[in-house]
Amino acid sequence: LRQGLDKTRRGLINQLKAIVGQGPLNQDAVTEIEALLLQADAGVEATDKIIAALQTKLREEVLPPEEAIAYLKKLLRDLLDRPLQSHNPVFVPEKDTLNIWLITGVNGAGKTTTIGKLAHIAQKSGYRCLIAAADTFRAAAVEQVKVWGQRSGVDVIANPGQNTDPAAVVFDGIAAAQSRGTELLLVDTAGRLQNKKNLMDELTKIRRIIDKKAGNARVESLLVLDATLGQNGLRQARVFSEAAQLSGVVLTKLDGTAKGGVALAVVEELGLPIRFIGAGEGIEDLRPFSSYEFVEALIS
Ligand code: GDP
């Protein structure tokens, strides 16, 4: 993870250490930390919160460099963990039950790759897993999912025709999952964002099929977000969070950006927990998100 975050680390961390390492935390240092967080794309709201907390602390006591860093880390962790007060703190599929994870996000965000990586993790962890290729709008998407299915050793349920109804594919996926005793059904969904109403209608229809056909399944809806887009990605994310009942975010391409701070903006502005992070194109380059691990990788 540390390597994956190298770009952010080079920008943020060394400067942070230079700022804080000079002596007890002071007003100048806080101002510089504010600039660093904004540069790392942590967003205005998250940055304001962290800076306000640092200011308060500054008034209360003298913090030597080590303690200042430890305190900053704690603030970052707390911010990243806050959505867990209203969302399930653990994010693993329940064994011997059908779990359905809807994977949403705009084209190019890394949805297909993430599905492949998730399938790989699930397979390795001993889950019976299946993928439903319900992004039927792009013929290439179905083919790409199939390739990832092969890589991870997970079957893919797809409809051979183009422009078929995504909900029909989900229906077939659930039927297959039920007859095979599948524990995790990963559903690829279309990533068109031109029209919020279409997106909403499509996701609503998929949800309805799930309720009807697999009423007892545990359903999660993950938004795949490209970290390199920074604040622009957040704008897209808001549309999805209105259309889909999201339960979390997968932040991809953290290896390709110096703006890893966007994780803070995502959490603060969407109120959603980050569930996984992607830091590379390979099948192993996805890991469950841990605020502790993330902050340590960022600042160490
Ligand atoms: P989709 O259109 O949302 O399904 O996106 P894809 O899964 O096809 O990914 C788009 C591009 O991003 C591909 O070239 C992927 O290899 C790349 N990609 C996906 N996740 C990551 C990641 O975590 N890091 C890097 N560097 N590239 C990624």
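In the predicted model, a polar backbone atom of Gly 278 lies 3.3 Å from an oxygen atom of the ligand, a polar contact being a pair of N or O atoms within 3.5 Å. Taken alone, the ligand exposes 590 Å², of which the protein buries 80% (accessible areas by the Shrake-Rupley method with a 1.4 Å probe).

The shell around the ligand holds 17 residues, of which Gly 108, Thr 112, Thr 113, Asp 255 and Glu 281 come nearest; a residue is counted if one of its heavy atoms lies within 4 Å of the molecule. By class, this shell comprises three nonpolar, eight polar and six charged residues, with Gly counted as polar and Asp, Glu, Lys and Arg as charged. Helix 5, spanning residues 111-124, gives the most to the shell, with four residues (helices are DSSP runs of H or I with at least four residues, and strands are runs of E with at least two).

An unreviewed UniProt entry annotates residues 273-286 as "domain: SRP54-type proteins GTP-binding", although such annotations may be inferred rather than shown by experiment. Over residues 273-286 the chain is 0% helix and 43% strand, with its end C-alpha atoms 16 Å apart.

Residues are numbered from 1 along each chain as its sequence is written, and side-chain values use heavy atoms, leaving out hydrogens and water. Because the model is predicted, local features need pLDDT of at least 70 and side-chain atom pairs count only at pLDDT 80 or more, whereas totals for chains, interfaces and linings use all residues.

How values were computed
Polar contact = N/O pair within 3.5 Å; in protein donor to acceptor, adjacent residues only side chain to side chain.
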